[in-house]
Amino acid sequence: MRRLQFLAAAAAAIFLLALPLMATAQPKLRPDYYAGVCPNLESIVRGAVRQSVALSPLAAPATLRLFFHDCAVRGCDASVMLIDPAGGDEWRSPDGVMLKPEGFSTVMSAKAAVDSDPQCRNMVSCADILALAARDSVFLSGGPDYEVELGRFDGRVSSGGSVVVPHGTFDLDQLNAFFSSLGLSQTDMIALSGTCQRARVHI
């Protein structure tokens, strides 16, 4: 029960984080963005995430944590999924190494499932698949089911130097400054800081 309560609280907090970032970077987001090109997108992603969650208890919290990291660093663009051959990408930064492989595999499995449908192949951004996978991870763990607006563009840059996320050593001024830079209030900051610290305990 405590795990479900955590995921529900985390979902609400990360949704708060995503809203201002999505609004500024992608002004035309809408739930039916892929209705004409991939009408079964949400059921495909949910089916793939369901399989991942059944395989590992870490899949759901790891995917949610991955979504938070992606949104907090470059704004919900799936840049955290990019690989730099030289090793300078986000997920191999000192903060990125805390991300669990189960989160990446959940998103990659969902991406493969989407692309296995000829109607959907290469039509859906990884950023949107990540957003849907995070929502479905919460829902399949007993948390809320919420509507996801779609239409994000995938990022093309992933730099470990751009990764700045809150640490347990941050004081109040540092936390306020970080979340203010994302357009979030102190109330949002308190919710997100609490859930992210608990995410590290759970995964």
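User: Where is Arg135 found?

Analyst: Arg135 is found in helix α5. Keep in mind that this is a predicted model.

User: Is Arg135 buried or exposed?

Analyst: Start with the cut-off: buried means under 20% relative accessible area. Arg135 has 3% relative accessibility, so Arg135 counts as buried.

User: Which residues does Arg135 touch?

Analyst: Leave out residues up to four places away in sequence. Arg135 then touches Glu42, Arg46, Asp145, Tyr146, Glu147 and Val148. Glu42 and Arg46 are in helix α2.

User: At what angle do the axes of α2 and α5 cross?

Analyst: Two values describe a helix pair here: axis distance and crossing angle. The axes of α2 (residues 41–55) and α5 (residues 126–140) come within 9 Å. They cross at roughly 60 degrees. That angle makes α2 oblique to α5. The crossing is right-handed.

User: Which residues of α2 and α5 meet?

Analyst: Take each side in turn. From α2 come Leu41, Glu42, Val45, Arg46, Val49 and Arg50. From α5 come Ile129, Leu132, Ala133, Arg135, Asp136, Ser137, Phe139 and Leu140. Sorted by class, this contact has eight nonpolar, one polar and five charged residues.

User: How far apart are the axes of α2 and α4?

Analyst: The axes of α2 and α4 (residues 101–115) are 8 Å apart. The two helices pack at an angle of about 140 degrees. Angles over 145 degrees count as roughly antiparallel. The pair α2 and α4 is therefore oblique. Their crossing is right-handed.

User: Which residues of α2 meet α4?

Analyst: On the α2 side they are Leu41, Ile44, Val45, Ala48, Val49 and Ser52. Their partners in α4 are Thr106, Ser109, Ala110, Ala113 and Val114. By class, the contact of α2 with α4 has eight nonpolar, three polar and no charged residues.

User: How many helices and strands does the protein chain have?

Analyst: Now step back to the whole fold. The protein chain has seven helices and zero strands. Along the sequence the pattern reads α-α-α-α-α-α-α.

User: What share of the residues is buried?

Analyst: Of the 203 residues in the protein chain, 49% are buried. The chain exposes about 9500 Å². Carbon and sulfur atoms supply 58% of that area.

User: What share of the contacts joins residues 24 or more positions apart?

Analyst: Count contacts with a separation of 6 or more. Residues 24 or more positions apart account for 75% of them.

Methods. Residues are numbered from 1 along each chain as its sequence is written. This is a predicted model: local features need pLDDT of at least 70, side-chain atom pairs count only at pLDDT 80 or more; totals for chains, interfaces and linings use all residues. Side-chain values use heavy atoms; hydrogens and water are left out. Axes are lines fitted to C-alpha atoms, for helices over the stretch in contact, and angles run from 0 to 180 degrees between N-to-C directions. Helices (H or I, at least four residues) and strands (E, at least two) are DSSP runs, numbered from the N terminus. Angles under 35 degrees count as roughly parallel, over 145 as roughly antiparallel, 65 to 115 as roughly perpendicular and the rest as oblique. A crossing is left-handed if the near helix is turned anticlockwise from the far one by less than a right angle, and right-handed if clockwise. Contact means heavy atoms within 4.5 Å. Ala, Val, Leu, Ile, Met, Phe, Trp, Tyr, Cys and Pro count as nonpolar, Asp, Glu, Lys and Arg as charged, and the others, Gly among them, as polar. Buried means under 20% relative accessible area, exposed over 50%, partly exposed in between (1.4 Å probe, protein chains only). Accessible areas come from the Shrake-Rupley method with a 1.4 Å probe; for residues, only the protein chains shown count as cover.
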